[in-house]
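Here is a short tour for a reader new to this structure. Have the sequence and the 3D view at hand.

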Amino acid sequence: MALNDITFIRGAGGLGRPLAGEDYITGLLFFLTNANLPSGFSTTDRIKQVFSISEAEALGITEGSATNGVLWYHISEFFRVQPSGQLYVGIEDSTLAAAAKMAKIEDVQNYADGKLRQIGVYDTTTFASSAVTLLQTSATALETAHKPLSVFYAADLSGVALISSFVDLTALSSKNVTCIAGEDGGAAGAALAVSTTKSITTLGATLGAVSLSKVNESIGWVAKFNMTSGPELNVVNFANGQAVKDQTPAALLALKNKGWSFMLKHTGLAGTFNEGAPTCIGVTSDFATINNERTIDKAVRGVRTFMLPNISSPLLVNSDGTLSEDTIAKFSNDGGQALEQMERDQEISAFKVLIDPSQDVLATSKIVLTIQIVPVGVADQIEINIGFTVSVA
């Protein structure tokens, strides 16, 4: 028994203070029939920005709802992992054809003025590789429009009996897309999977981890990205209902080699962790990981910002028509400013800007820069030689 008193419990995170930069800005695309739109949405007002689960609830997205309970779950999971996140929620018509549905990521990105660095797409349609290709088509269009982003796709895998039957995503050419195969196995996510008879996946939590990470960081980093903080994701399944703990190491490796994103346990350490950070492209690609793709996207955005003022600027040349030292210095410095900051932030290891002075800018009115970037490595494999010896030096 305690003395009579007044106790204050000081909450944190309610102010939604913005983080530095924009790497954490995230989108979530969901599909419902028009008749089932939450109260804060309409057919002419389909995208909202929220900074907390309470703001989402104020828009009519409620826990346990028969129509939008899964959406509530993923928003809640996003903010559980990334309490300081910023989320644009788009709800589109579920009766649209597949191509029209996947293209809606462009609407959410354009609504956000191109600020989204990643977006999740939750779809109750049975998983098909064609949807991944459609998402990549839209991601490529956004990249061309200088609004690059990473896409996380969660579709229905409940009808696939065995994880060995999941398709090989590395056979695709979708560097901006990651497909989610994991799911909660013992808490709210598992209950939703039962009640909806659809895959729920870890989309919200995975998005939260990506939003929380620096662009160069793998969400598989064990020390930083423990994906459970209570009952949710303490037990992990695959999105077809199979328990991760029941799979052999060979089966898990085979799924990893197919390029799927999922979560697992590590013996000897409490928690649940992402197994790598793959994208839907061959493993030999420079962009086979989320972190490499996000790093190059940030570099491109940054370099473009500093180079834009130089459009139609004078290009001074020497008497022999070669670029002057002043011109080379100007463009080299402007091309490297954003990368200098990324290097200071340890998001890249090093960079170099190269400009050929002999290029004929008088004839082409075009100056060509080559930028070489040394990325930050990721310790996916750690090999340790250990054994007995009669002495140590």
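This is a predicted model: local features need pLDDT of at least 70, side-chain atom pairs count only at pLDDT 80 or more; totals for chains, interfaces and linings use all residues.

Where is Gln242 found? Gln242 sits in the loop between strand E9 (236-238) and helix H8 (249-257).

Gln242 has a relative accessible area of 18%. The limit for buried is under 20%, so Gln242 is buried. Its side chain makes a polar contact of 3.0 Å with the side chain of Asn240. With neighbours within four places in sequence left aside, Gln242 is in contact with Ala161, Leu162, Ile163, Asn237 and Gln247.

Ser65 is another loop residue, placed between helix H1 (53-58) and H2. Ser65 counts as buried at 19% relative accessibility. A polar atom of the Ser65 side chain lies 3.1 Å from the backbone nitrogen of Asn68.

**The open sheet**

How many strands form the open sheet? There are 6, in the order E2-E3-E1-E4-E5-E7, and the pairing is mixed. Strand E2 (47-50) and strand E7 (177-179) stand at the edges. Each has a single partner strand, so one side of each lacks a neighbour in the sheet. From one strand to the next, the twist averages 20°.

Strand E1 (residues 25-32) pairs with strand E4 (residues 118-126) in the parallel sense, over 4 bridges. Thr26 has Gln118 in E4 as its bridge partner.

Two helices lie across strands of this sheet. Helix H7 (residues 203-212) lies across E1, E4 and E5, at about 165° to E4.

**The nonpolar cores**

The largest nonpolar core has 80 residues. Those with the most contacts inside it are Ile75, Val121, Phe127, Val151, Tyr153, Cys179 and Trp260. Helix H2 (residues 69-81) gives the largest share of this core, 8 residues. A second, separate core has 13 residues, among them Val303, Phe331, Ile355 and Ile367.

What does Cys179 touch, leaving aside its neighbours within four places in sequence? Cys179 is in contact with Phe127, Val132, Tyr153, Leu169, Trp260, Ser261 and Cys280.

**Aromatic pairs**

A pair of aromatic rings is described by the distance of the centres and the angle of the planes. The structure holds 7 such pairs. Two of them are set out here.

| Ring pair | Centre distance | Plane angle | Class |
|---|---|---|---|
| Phe30 and Tyr122 | 5.3 Å | 10° | stacked |
| Phe127 and Trp260 | 5.0 Å | 55° | tilted |

Phe30 lies in strand E1 and Tyr122 in strand E4, so their pair ties together parts 92 residues apart in sequence. Both Phe30 and Tyr122 are buried.

The pair of Phe127 and Trp260 also links distant parts of the chain. Phe127 is in the loop between E4 and H5. Trp260 is in the loop between H8 and strand E10 (263-266), 133 residues apart from Phe127.

Are Phe127 and Trp260 buried or exposed? Phe127 is buried, with a relative accessible area of 12%. Trp260 counts as buried at 1% relative accessibility. Ring pairs also join Phe127 and Trp260 with Tyr153 and Phe166 in a cluster.

How values were computed: Residues are numbered from 1 along each chain as its sequence is written. Side-chain values use heavy atoms; hydrogens and water are left out. A nonpolar core is a set of buried Ala, Val, Leu, Ile, Met, Phe, Trp, Tyr and Cys residues joined through side-chain atoms within 4.5 Å. Buried means under 20% relative accessible area, exposed over 50%, partly exposed in between (1.4 Å probe, protein chains only). Contact means heavy atoms within 4.5 Å. A polar contact is a pair of N or O atoms within 3.5 Å; within protein, one must be able to donate a hydrogen and the other to accept it, and residues adjacent in sequence count only if both atoms are side-chain atoms. Two strands pair if DSSP finds at least two bridges between them. Axes are lines fitted to C-alpha atoms, for helices over the stretch in contact, and angles run from 0 to 180 degrees between N-to-C directions. Rings of Phe, Tyr and Trp (its six-membered ring) pair if their centres lie within 6.5 Å; planes under 30 degrees apart count as stacked, over 60 as edge-to-face and the rest as tilted.
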